[in-house]
Amino acid sequence: MSRLIIVTENEAQKTVEGLYRDIERRIQASQPGLCPVDLAEAFVHVCHSQSCGKCTPCRVGLGQLEGLIESVLDGTADMDTLKTIEKTAEGIYNSADCAIGFEAAKMVLRGIRGFYEDYAEHVQHGRCFAKLSQPVPCVSLCPAHVDVPGYVSLIHEGRYGDAVQLIRKDNPFPAACGLICEHPCELRCRRTMVDKAINIRGLKRYAVEHEGEIPAPKIMDKTGKKIAIVGGGPSGLSAAYYLSIMGHDVMVYEQRKQLGGMLRYGIPAYRLPREILDHEIDGLKKAGFQVKTDISIGQDISLKDLRKQYDAVYVSIGAHTDKKLGIPGEDAKGVISAVEMLRNIGDDDYPDFSGLNVIVVGGGNVAMDVARSAIRLGAKTVKIAYRRRRVDMTALPEEVEGAIADGCDIVELHSPVRIEKDENGNCKGLVLKPQIIGGVRYGRPSPKDSQAPEVELKADLVLVAIGQGIDFRKFEEYQEIPIESGRINALDTSALKDVDGIFAGGDCVTGPATVIRAIAAGKTAAANIDEYLGYCHEITSEIELPPVRFDDNAPTGRVNMKERPADERVKDFKLMEYGMTDEEACQESGRCLHCDHFGYGIFKGGRECKW
């Protein structure tokens, strides 16, 4: 008889592994707004089924927890039950033998403390406290609440102009977002339950490329009200566009030579070509707002004067100041902030890095942008120094992979210590302290100094990309603007508490964020400024959608965007990403499951045709 056998996976095991993947996809596709108590009960049930049965806290305790949460859901619990749930979870957490038990209990503890009001609402009133205000996952997770299923169905029918017009109802920058949006709308796409999320960003770009000339929007009756917009970035221009459509007279004040904000001065042309951005901004100007560039608030005109001259003011100055490393030698020649470099490139002032050894400090999208730009500017070598692991970088994974493909080296787990200078004060090297990854803080593993010795990397140029800040000096004379933690403290309506007629939004309120969040802030500000002025104008869409299809549920691979070969794209700043073909766009748009119509979509109202 043989002592050992080769273990092979049988059909039952293969099926179970497939079911695990199905569960993972289902959890990934869970939309916001679901009952958190119901989800907690479902998760505890799954955890209980994983128990080996050896220790009582896990085997018995998780079953007890599940029963207690079920009593909350079926209306038989009282307020003392909630105390019992917490005490039981604490007992399991402190006594379970392994992670199956104590992590399940920890999850329940986080829930009973994090959404206690939901538990109480079930006990006291027999209903769920959470509301499903927007049942379509992609629309719900888009900060601007763009009608994604609507324009995807229009693309499938070949009605590209209508598709883009539907996008502009909520987002006046479809071309820019079709190229550089971080597509949060794809995060919980229900298509994930079948195969992979729909390539929504790629479809948006395809529609814009086939739209043709941007039509002028229909302008409502003039109101005679005047509004000043401080900052010509995506948030300010979005607000100006919608307020102009509503019939108000809008003036945009921009500090730089050209409009666009971080779309122009923070994103390189190989991701967002200037001719595409200029074309889109020219289309926005058809709404009728006026622009004054090279105007600095606090220098050329004060905020107090603007408030006297205009009926309302919207501040959307963005985050255009750099943050310092705070290490010795940072004053060396050759140490440049990423913000400064991208700002110069935005004005078509391209530096020459030929033959230079460049080190970029940082791990976000801006760090990837300047690193990949340095390659295109002729740098001999480009290294990206990051104090955490590569997997902890805040940059999009595709941006990190693209930087590596372009020729950048990632030096992970190395923290800057000092910058070495030569006798003339020029940068000659960056000294780094090797790190070891440590405990998790604020959701991310934190690095700490390892016992390894310091290392020095040769550097003719150090590009600092560790974050951006906001210049508040221009508001010093207007003491009423509330500043907290380096940001303007605005309400979620964009209004400022106890400050009449001044609104704020975008990066100056949230800190450096995504373009679509800035656009959403501008949309919100426009609606609330209009209401502040005594109006209730509605931005509507009269585009009729095609009939719902029933041939969308066969598993089909996702169409991913292709890029120019690395050895070709690194030689210029031309657009590096190819668009979809007609065939690809038709197939990809046909994968949409019509969440705006089926299930909760039709039950809860589906589409929002106006705001």
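Which side chains meet in a salt bridge at 2.9 Å, N to O? The two partners are D97 and K54, where a salt bridge is a side-chain nitrogen of Lys or Arg within 4 Å of a carboxyl oxygen of Asp or Glu. The model is predicted, so local features need pLDDT of at least 70 and side-chain atom pairs count only at pLDDT 80 or more, whereas totals for chains, interfaces and linings use all residues. Residues are numbered from 1 along each chain as its sequence is written, and side-chain values use heavy atoms, with hydrogens and water left out.

The structure holds 36 salt bridges. In the D97–K54 pair, D97 sits in the loop between α4 (79–95) and α5 (99–114), and K54 in the loop between α2 (36–49) and α3 (56–74), 43 residues apart; helices (H or I, at least four residues) and strands (E, at least two) are DSSP runs, numbered from the N terminus. Both D97 and K54 are exposed, on a scale of relative accessible area where buried means under 20%, exposed over 50% and partly exposed in between (1.4 Å probe, protein chains only).

A contrasting setting is found for R372 and D406, whose closest N and O atoms are 2.7 Å apart in a salt bridge. This pair links helix α17 (residues 365–376), which holds R372, to helix α18, which holds D406, across 34 residues. R372 is buried, at a relative accessible area of 0%, and D406 is buried as well, at 7%. Both belong to a network of salt bridges that also takes in R271, D369, R376, E399, E563 and R569.

E538 and K610 form a further salt bridge, with 3.6 Å between the closest N and O atoms. E538 lies in the loop between α20 (515–532) and α21 (566–569) and K610 in the segment after α23 (600–603), so the bridge ties together parts that are 72 residues apart in sequence. E538 is partly exposed, at 37% relative accessible area, as is K610, at 49%.

Turning to open space, the second largest pocket contains about 800 Å³. On a 1 Å grid over the protein atoms alone, a pocket is an open set of points with protein on both sides within 12 Å along at least five of seven lines, a cavity is a set where a 1.4 Å probe fits but cannot get out, and lining residues have an atom within 4 Å of a point. Grid points are joined across faces, edges and corners, and a volume is the space filled by probe spheres set on the points. The pocket has 30 lining residues, with H183, R201, E398, R558 and N560 nearest its centre. Helix α18 gives the largest share of this lining, five residues.

The largest cavity has a volume of about 120 Å³. It is lined by 16 residues, of which C138, C189, I198, C592 and C595 are closest to the centre. Helix α8 supplies the largest share of that lining, three residues.

Finally, the backbone deserves a look. Most residues other than glycine have a negative phi. D294, however, has a positive phi near 60 degrees, and its place is the loop between β3 (290–292) and α15 (303–309). S494 likewise has a positive phi, near 80 degrees, in the loop between β17 (487–488) and β18 (495–496). D294 is partly exposed at 48% relative accessible area, whereas S494 is buried at 5%.
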